[in-house]
Amino acid sequence: MESPKNSLIPSFLYSSSPSSPRSFLLDQVLNSNSNAAFAEKSPAPAAARASPTTMLSRKNFLIASPTEPGKGIEMYSPAFYAACTFGGILSCGLTHMTVTPLDLVKCNMQIDPAKYKSISSGFGILLKEQGVKGFFRGWVPTLLGYSAQGACKFGFYEYFKKTYSDLAGPEYTAKYKTLIYLAGSASAEVIADVALCPFEAVKVRVQTQPGFARGMSDGFPKFVKSEGFGGLYKGLGPLWGRQIPYTMMKFASFETIVEMIYKYAIPNPKSECSKGLQLGVSFAGGYVAGVFCAIVSHPADNLVSFLNNAKGATVGDAVKKIGMVGLFTRGLPLRIVMIGTLTGAQWGLYDAFKVFVGLPTTGGVAPAPAIAAVTDAKA
């Protein structure tokens, strides 16, 4: 029968395997003082004292040290990349769907600034003309598109980051780690945007042309009938222009900010911090990174909205209509709030899922190859 002590401890905190030399007996930690006191009062012969093996057979569980991967998922294994991919689906799909009202107002401010002059008036106009339900118009293509994008973005980022680190070698990975982050995120986003682009095209059309369609189910065939399947990828170039700089900033700045937080703002190493604190750092680092992302990618975001809304329009038409200043400023305050919150929530959800499946949170420590190189050098 399982002891009461075992039943009070979540199962993911202990293991029945004694294979790891870095594991320690939970019972020794919980009862070290009482055991010591008992030993002083009633000394037993050496042969009768409980050895680690005897204690293990009696208690039959271990707790992993903080440096050990949990739940049997090996770093950079197929299971690791699958977990990161699913975490990306949750983090991007759910967060983008949640901020659909903000995205809706932002897109309309970009397309028709004469009517949607500010954030507050934009919400008021939508509420008056379309009701509360109008705030979530286009949520289905948003959920599907950004789930697909998130799967590719996070899954391939982890893959390319590891691949480029292996190609560079331990010394150059440690020296040029920011370039590794930039290259890995850019490569991942090229693939992610191919998955996102058709959904983004339908989403913008549904959100900015009232009466065009109710959502994805009727909007997709109408869009294809109007502009053909090629029209779904008309905005791919501007989408790359928006998303690749955005994602490079999102990942590289996040990794750097998180490392700085652990280095300068938190007295203890990351391995000694609680999971709750680590997830708080992930959210904070993600929010700050999101502000930078919004500024860098905003001109291209205006282009994407314009091209997907106007049939047959070109980039030159967009620049002429919106103006260079408008490309950088139209709808920017709202997008900073939206993207900052969005990016912070994405990193928080992504790392929360990684913790849930037994993986470490992202960032905050030196690249793994560099750690291995230092270890080898000291040996």
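Student: How many helices and how many strands are there in the protein chain?
Tutor: This is a predicted model, in which local features need pLDDT of at least 70 and side-chain atom pairs count only at pLDDT 80 or more, while totals for chains, interfaces and linings use all residues. Residues are numbered from 1 along each chain as its sequence is written, and side-chain values use heavy atoms, with hydrogens and water left out. With helices (H or I, at least four residues) and strands (E, at least two) taken as DSSP runs numbered from the N terminus, the protein chain has 15 helices and zero strands.

Student: What share of the residues of the protein chain count as buried?
Tutor: A residue is buried when its relative accessible area is under 20%, exposed when it is over 50%, and partly exposed in between, using a 1.4 Å probe and protein chains only. Among the 379 residues of the protein chain, the share that counts as buried is 46%.

Student: Is cysteine 92 buried or exposed?
Tutor: Cysteine 92 is placed in helix 4. Because its relative accessibility is 0%, cysteine 92 counts as buried.

Student: Which residues is cysteine 92 in contact with, leaving aside its neighbours within four places in sequence?
Tutor: Contact here means heavy atoms within 4.5 Å. With those neighbours within four places in sequence left aside, the contacts of cysteine 92 are Tyr146, Gly150, Phe154, Lys250 and Gln346.

Student: How many disulfides does the structure hold?
Tutor: A disulfide is a covalent bond between the sulfur atoms of two cysteines, and the criterion applied is a pair of cysteine sulfur atoms within 2.5 Å. Cysteine 107 is buried, with a relative accessible area of 1%, and cysteine 197 also counts as buried, at 3% relative accessibility. The number of disulfides in the structure is zero.

Student: Which residues lie nearest the centre of the largest cavity?
Tutor: On a 1 Å grid over the protein atoms alone, a cavity is a set of points where a 1.4 Å probe fits but cannot get out, and lining residues have an atom within 4 Å of a point. Grid points are joined across faces, edges and corners, and a volume is the space filled by probe spheres set on the points. The search of the whole structure finds one cavity of 30 Å³ or more, and the largest cavity holds about 170 Å³ of space. Of the 20 residues lining the largest cavity, those nearest its centre are His96, Tyr146, Arg242, Met338 and Ile339.

Note on methods:
On a 1 Å grid over the protein atoms alone, a cavity is a set of points where a 1.4 Å probe fits but cannot get out, and a pocket is an open set with protein on both sides within 12 Å along at least five of seven lines; lining residues have an atom within 4 Å of a point.
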